[in-house]
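Here's a quick report on how two chains meet and what one of them shows on its surface. Have a look at the model first.

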Amino acid sequence: MTALFDIVFGGVFHAAVLFLVAAGLQLVFGVQKIVNLACGSFYALGAYFGISAVNWAIAAGVPPVLFLPVLILSGIVLGAIGPFIEALLRTVYDRDEAFQLLLTFALVLMFQDVLRYFWGANPQQLGDIASLYGSIQLGAVKGPAYNLLVILASIVIALGIGAFLQKTNFGRILRATAENREMALALGVNARVMYASVFTLGTILGTVGGALVVPTAAASLDMPVELVVESFAVVVIGGLGSMRGALVGALIVGLMRAAAISWYAELEMLAIYLVVIIVLVFRPAGLFGKAVE
Amino acid sequence: MKTAVGVFVLAALATLFALPSVLSAYYITLVLPAVAYAIALLGFNLLFGYTGLLSFGHALYVAVGAYGAAVLSSKLGIKSFELVLLLSGAAAVAAAIPVALLSVRYEKIFFGILTLAFGMLFHSFLFKFYDITGGDTGIRVLRPSLFGNEFKDLDKTAFLVGPFYYYCVGLLAILGFVMWRIVHSPFGLHLVASRENRRKSEYLGVRVRFFRLIAFSISAFYCAVGGAILAINTGQADPELAYWTHSGELVFMAVLGGFANFFGPLVGAFTFIFLKSELMGLTQFWRFWLGLTLIVIVVLFPRGLVGVGQDLWTRLHKR
């Protein structure tokens, strides 16, 4: 019972973080039609910056209870880099996707060294902040409260994005642009503002994801390239461009990884790629994606 | 134009053959991987440049070639490099066919993501199944014999910069010639036609998926040959060879040189290897500058170095 709970709890926690990054990837793909390899770099940047932010907060005497809001805030602040990167990507919107992919690959390489420059090559850890939040007891099982808070935060963000996309005017315009770019532009959508804000939102989702995970895991320079493949798996399983797909995909990947690690560690990533390939064979567009031509 | 290309190729080959008498052994050990990547990119570009399919997982076949050389030499005791090349090339083709069967159903970004997933599948196999693959340390690669000659009197460096180097340059020349014939054959033209307009070429009777499958297999073979040379040069086959960033480097080289031109990726391979090693000598932040170079190329010179050269050439001739 406890073992199963640990797998589910760990898996859902991982899924919550993965969902944030994958949601950013989906937003950007949906509107700009660019698959952003640098999403993992944003995630790692969020993680490193989160460590620094909490350390500043400690130095400034902020009470520990507020560390979670500090982390989220630090992720949002990092969104400031979004418009600049979008301005760079703007140069290749009309080009072949090989160039778009390569441009984001160039960003992956550059971010790797930006992180190394500011935070050094050694993995960084954020003391034992997570345990400050204590643990929760639920019948026979017990888990860290921090992880539960992150899961809740992720659910709130997911609901927030859902409401934003469905209920607000900007959300409707965004979906219209994703659906039919030419028509939306012809009807007067300001493409520049739209693209810049979507990309910034995508960036923030990535950086917040990284910031939230850092109290439970070390931030390292391998983080960006490792996370990219996992979030790719998520969006491929769920279907490129679909938010619901990101959610379901993240749950599948998160739970499968947790299960594989505890039962047969060799299978960890292998299992995930196998699911990806199986999904692509039988449902080429992913579980919630639109049919590909 | 044709004679110009011929002269250029002969001059380039003559330079490569003359290099060991000019450059120190250190630089020759740098040219060797460049030759290996040049061979791999010949294959990669058949798929990317000519067929229009961007694979983000071709490092898989480089790794198959490297691990092929490792397993054959240190576990099965096969010395002959010719046999190693043939067998690891065949292994790469065998690995490529199931991947290609699935991937050629797609184009564009889906093709890229699917090949990436397969590449990472192989990477995690290499990484996790320690007993078979040696895990993160990989497998040692032993020195092969060339045409039955083991060169026992030479030490490792002397072997690499001597006979092995000439052998690989010869291999590059032969494989380059074969690829030149492939892309200019009716088969190559079918590939280009299906890249330009898939539906129309299907209507005209091009068996698009089948031809793409063949192109994929040929490119895998070339990548495996490159991988085997790389592994012998470093004496080690490790899982990093199959990682997706390594696939990214292959794409980088193709675009750096200019993938629209037959020789572009070759220029890209040599430029990339030297740029990388020079940057690594200058600063520990070489990735940053490499990334910046890539951005400049992608944004300002999408036709790559060869494209820049061609523009300069036509401008000079107009005057």
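L251(A) lies in helix α11 of chain A (helices are DSSP runs of H or I, at least four residues, numbered from the N terminus). This is a predicted model, so local features need pLDDT of at least 70 and side-chain atom pairs pLDDT 80 or more, while totals for chains, interfaces and linings use all residues. Side-chain values use heavy atoms, without hydrogens and water.

L251(A) belongs to a nonpolar surface patch that also includes W263(A) and Y264(A), with about 740 Å² of accessible area together. Patch members have over 30% relative accessible area and no salt bridge, and their nonpolar side chains are joined within 5 Å; areas are Shrake-Rupley with a 1.4 Å probe. α1 (2-32) and α11 (243-263) of chain A each give two or more residues to the patch, and α11(A) gives the most, with 4 residues.

Now the interface:

| Item, chain A with chain B | Value |
|---|---|
| Buried area (accessible area lost, 1.4 Å probe, summed over both parts) | about 4100 Å² |

The salt bridge pairs D113(A) with R287(B), the closest N and O atoms being 3.8 Å apart.

Conventions. Residues are numbered from 1 along each chain as its sequence is written. Chains are lettered from A and ligands numbered from 1 in the order in which they are written. Buried area is the accessible area (1.4 Å probe) that two parts lose on being put together, summed over both. A salt bridge is a side-chain nitrogen of Lys or Arg within 4 Å of a carboxyl oxygen of Asp or Glu. Patches are made of residues with over 30% relative accessible area and no salt bridge: like charges are joined within 9 Å, nonpolar side chains (Val, Leu, Ile, Met, Phe, Trp, Tyr) within 5 Å.
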